[in-house]
Amino acid sequence: MMTQALDRVERRLAVRLADGAADVVAAQRLRYDIFFRDMGATPEPQAADAGQGRDVDPYDMLCDHLLVEDHARAGSPVVGTYRLLRQSVAEAHDGFYSAHEFDLSAVIAHGRREGVELLELGRSCVDPAYRDAGTIQLLWRGIADYLQRHRIGHMFGCASFPGTDPAEHAEGLSLLAHNHMAVPELRARAIGAHAIPLGPLPLGGYDPRIASRRLPPLIKAYLRVGAEVGDGAYIDHAFNTIDVFVLMPVARIAARYAQRFEVAA
């Protein structure tokens, strides 16, 4: 207990955007440790960088990378990261990453009608030793600053349940379907051979309180800031996850969290 308390006192955490290739490599190494070593993801055959301990894909060169660093830690200071892809950048290149799993046409059309830009969040991970409120708050503060700077209207991305057996998460998936589904004009839809229905259990077929407690921490965090989900889920065998589409209106987040971020700053 004394060691844990001392470790927390000695931490010097800060959040910033990656500035150059070395920062991106540090984020890729953290992602590899979490996704491949801890969560059992399988590298694609063409992913030569996996042999170098890096999670790399073509979107990395298009995105901004948010980093939380501990400057009191030996070795790489990067302990948390998010990958950020703005709509204007995505549409100038190969589109959004999550479009490989979900039909985003309704979300994109709504954003154009509202005249706002969309932001895709992805590749979120935090070192296990730093999965606490301090690190998470810094990530959210970094995201909040980014949203304001780029005038983002909605942000979205894939959030994951561990493993690829839907039966293991039937209660949680059903809770999302019954209580947190986005309205039709903002509802992405799972596509492809690995798409599955979101809610396998009927209302009354599970205990909502237990289902809520068993949701993955990141999904619970998204729901706390007003997130809603799309229709269906996607089994991602490469990353050993079941993905759901999560949409977060920025105005709703700002109303709940702006004061907290200002105090923290």
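**Pocket, cores and buried residues**

Author: Welcome! The largest pocket holds about 1,300 Å³ of space. Of its 45 lining residues, Tyr82, Ser124, Cys125, Leu218 and Tyr222 are the closest to the centre. This is a predicted model, where local features need pLDDT of at least 70 and side-chain atom pairs count only at pLDDT 80 or more, while totals for chains, interfaces and linings use all residues. Residues are numbered from 1 along each chain as its sequence is written, and side-chain values use heavy atoms, with hydrogens and water left out.

Reader: What makes a set of points a pocket?

Author: On a 1 Å grid over the protein atoms alone, a pocket is an open set with protein on both sides within 12 Å along at least five of seven lines; a cavity is a set where a 1.4 Å probe fits but cannot get out, and lining residues have an atom within 4 Å of a point. The volume is the space filled by probe spheres set on the points, which are joined across faces, edges and corners.

Reader: How many residues of each class are in the lining of the largest pocket?

Author: The lining has 28 nonpolar, six polar and eleven charged residues. Here Ala, Val, Leu, Ile, Met, Phe, Trp, Tyr, Cys and Pro count as nonpolar, Asp, Glu, Lys and Arg as charged, and the others, Gly among them, as polar.

Reader: Why is Thr135 called buried?

Author: Buried means under 20% relative accessible area (exposed is over 50%, partly exposed in between; 1.4 Å probe, protein chains only). Thr135 has 0%, so Thr135 is buried.

Reader: What makes a nonpolar core?

Author: A nonpolar core is a set of buried Ala, Val, Leu, Ile, Met, Phe, Trp, Tyr and Cys residues joined through side-chain atoms within 4.5 Å. The largest one has 41 residues, of which Leu121, Tyr222, Val244 and Met248 touch the most other members. H5 gives the most to this core, with six residues. Another core, of 19 residues, lies apart from it, with Leu85 and Phe245 among them.

Conventions
Helix = DSSP H or I, 4+ residues; strand = E, 2+ residues; numbered from the N terminus.
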